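Hello,

Please find the structure for your course work below. My notes follow it.

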Amino acid sequence: MIKSGRIKMIWQDRKRILGLPLTFTQYALSEDRVFVQTGLLNTRFEEALLYRIQDISLTVTLGQRIFQVGTVTLLSSDKTTPRLALKNIRNPMDVKEMIHEQVEEMKEARRMRLGELVSGDDEDDDDED
């Protein structure tokens, strides 16, 4: 699995084939980043900062449902990896919620809020008080 003495991993898994971890693709979640490691001989490392994630989606096809896996897709403002898919992972709904909670914590820690979360109507209501 993805290892680092400095980074505390909250979650780790591998991409699965027929529900079994037979691939060389590894996923991990830390407090502030999502990591993807692919390959055996030529290894590629990708990471996305959680505060940059704009959307999280979950897809579970019929075949994935049979093997109790799913795909969590992260869309971010990252230039090198705007779309990061965690394919065929166990407990995809739990992982999606775990990522969502960490994303919100990181945005709160950096005092970041998306403009779409604050609508113009709410501001008008505050002025009337």
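Contact here means heavy atoms within 4.5 Å. The model is predicted, so local features need pLDDT of at least 70 and side-chain atom pairs pLDDT 80 or more, while totals for chains, interfaces and linings use all residues. Residues are numbered from 1 along each chain as its sequence is written, and side-chain values use heavy atoms, with hydrogens and water left out.

Leaving aside residues up to four places away in sequence, Leu-86 touches Trp-11, Tyr-27, Val-34, Val-36, Gly-70, Thr-71, Val-72 and Ile-99.

Leu-86 is also among the residues with the most contacts inside the largest nonpolar core, which has 19 residues. Such a core is a set of buried Ala, Val, Leu, Ile, Met, Phe, Trp, Tyr and Cys residues joined through side-chain atoms within 4.5 Å. Buried means under 20% relative accessible area, exposed over 50%, and partly exposed in between (1.4 Å probe, protein chains only). Helix α2 gives the most to this core, with 4 residues. Helices (H or I, at least four residues) and strands (E, at least two) are DSSP runs, numbered from the N terminus.

In strand β2, 5 of 5 residues are buried. Gln-26, Ala-28 and Ser-30 point one way, and Tyr-27 and Leu-29 the other. In a regular strand the side chains alternate between the two faces of the sheet.

A hairpin joins β2 to β3 through 2 residues, and Tyr-27 has Val-36 in β3 as its bridge partner.

Phe-67 lies in the loop between α1 (62-66) and β6. Phe-67 counts as partly exposed because its relative accessibility is 37%.

Regards

Technical notes. Two strands pair if DSSP finds at least two bridges between them.
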